[in-house]
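Subject: Structure for your review

Dear colleague,

Please find below the structure that I am handing over to you.

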Amino acid sequence: MKIIVVGGGAAGMMAAYHAANIGNQVLLLEKNEKLGKKIYITGKGRCNVTNAADMETLFGNINRNAKFCYSALYGFDNNAVYSFMEENGCSLKIERGDRVFPVSDHASDVIKALSNALKKEKVEVMLNTTVKSLIIEENTVKGVLLSNQKKLLADKVILATGGKAGIQYGCTGDGFKLASSLGHNVIKPIPALTQLLANDDLSDLGGVRAKARISFISSREGAETILAEDSGEVQFNKDSLSGICTFNVSRFYQIKDGVKYIAELDLMEEYSEEEFAALLKFRQQNLVGAYAFDLLSCLIPEKLVFYILKKAEVDPMCIITEVKGRSLQRIIEITKSLRFAIVGTKSWKDAQVTAGGVDVSEVNAETLESTKSKCLFFAGEILDVDGPCGGYNLTWAFASGMIAGSAAAKKCKKID
């Protein structure tokens, strides 16, 4: 029996391997000139393959539809990913935050491992091949129609086309269109793990990096709600906020009538407001003859010091002991809750992951088979599942690929 997998990324390659491993003829179709094109750039070219955290932490880092991921993640967890990579030639190591990388620090070795697995199971690969539509008969997927009008018939089809993040790597949302053509609801895809565009002029802060806790806040008619929080290094660009912690909250930005968004930074997270006030008063008492600038000097980057003092309307060159009352309180408040109006996120070109996708309520969680069309399966980023930085998204890609590939293969066997 024949299975066609559409998409040669992480989920597609894993689906193809497991479908073939059970004994089926598998054809893997990839629109790019090589497999795993997007994997090459993940983790800044090092590829954060998975995360070695316990299962509770893994599920806690699924932003949407964590329950839906239960069967997949328990069926092929982070330990299974680790073993698979090592068995296929890619030695791994665990770094800070339980992030797992190739020992070589080369993402290409992850692709080599996946390619080795495909060769071992004799998976046929067709590159530079674009699927135009799915062939449907009596509510059953029978194969695919290519852009050159060639028909390829199959007993099962797995869509692992990815989302829209990384459009320059061929991620153009093709799978969403194919799923929609069969009546599937697609939750509006939005860029995730990307920079937040600020309405404020950040030109004075360009290139600054600072440790902070970021709170992403929605505001409607003055009522504020914290949508997400994270801690880490925030990077300032001339028009945006960047850094891993910023990426992790970016998926909560959505265009809604009457809703405004705010990024609030606590630049002294380790101190309560009272403790921070005591620290500044201590510095005033001991830094004799110093200036207002020295209140925050050595605590946060220099450019940020000037930026905060400007917002607090305090002359950086006034004597440090002259900063008191409301002026001192303003410095404390701004440092602990530096706010920026957020007007959007960077484009699909800059995003690492897609938030949104095929509605999981229309997909069998145990097999990842469509409940609308027989013989159609989904895997990876095409589904409405996403997580933060740290290897969680690739873990989902591999786990869902295994479930979809295995389930499709087993159903083929039952037909035999």
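Salt bridges join Arg46, Lys93, Glu95 and Asp105 into a network. Please bear in mind that the model is a predicted one. Over the whole structure, the search returns 18 salt bridges. Three further pairs are described below.

The pair of aspartate 266 and lysine 336 forms a salt bridge in which the closest N and O atoms are 2.9 Å apart. This pair links distant parts of the chain, 70 residues apart: aspartate 266 belongs to strand β16 (residues 259-266), and lysine 336 to helix α11 (residues 325-336). Are these two residues buried or exposed? Aspartate 266 has a relative accessible area of 14% and is therefore buried, as the limit for that class is under 20%. Lysine 336 is likewise buried, with a relative accessible area of 12%.

Arginine 213 and glutamate 229 form a salt bridge, with 3.8 Å between the closest N and O atoms. Because arginine 213 is located in strand β13 (residues 209-220) and glutamate 229 in strand β14 (residues 223-236), the pair ties together parts that are 16 residues apart in sequence. Arginine 213 counts as partly exposed at 26% relative accessibility, and glutamate 229 also counts as partly exposed, at 40%.

Aspartate 109 and lysine 112 meet through their side chains in a salt bridge, at an N to O distance of 3.6 Å. Both residues are part of helix α5 (residues 108-120), where three residues, or about one turn of the helix, separate them. Aspartate 109 has a relative accessibility of 19%, so this residue counts as buried under the 20% limit.

Turning to the chain as a whole, the secondary structure comprises twelve helices and 19 strands. Along the principal axes, the C-alpha atoms fill a box of roughly 85 × 45 × 35 Å. The chain has 416 residues, of which 55% count as buried. Among contacts with a separation of 6 or more, 72% are between residues 24 or more positions apart.

Yours sincerely

Terms used
Residues numbered from 1 in each chain as written. Predicted model: local features only at pLDDT ≥ 70, side-chain atom pairs only at ≥ 80, totals over all residues. Heavy atoms only, no water. Salt bridge = Lys/Arg side-chain N within 4 Å of Asp/Glu carboxyl O. Helix = DSSP H or I, 4+ residues; strand = E, 2+ residues; numbered from the N terminus. Buried < 20%, exposed > 50% of the residue type's maximum accessible area, 1.4 Å probe, protein only. Contact = heavy atoms within 4.5 Å.
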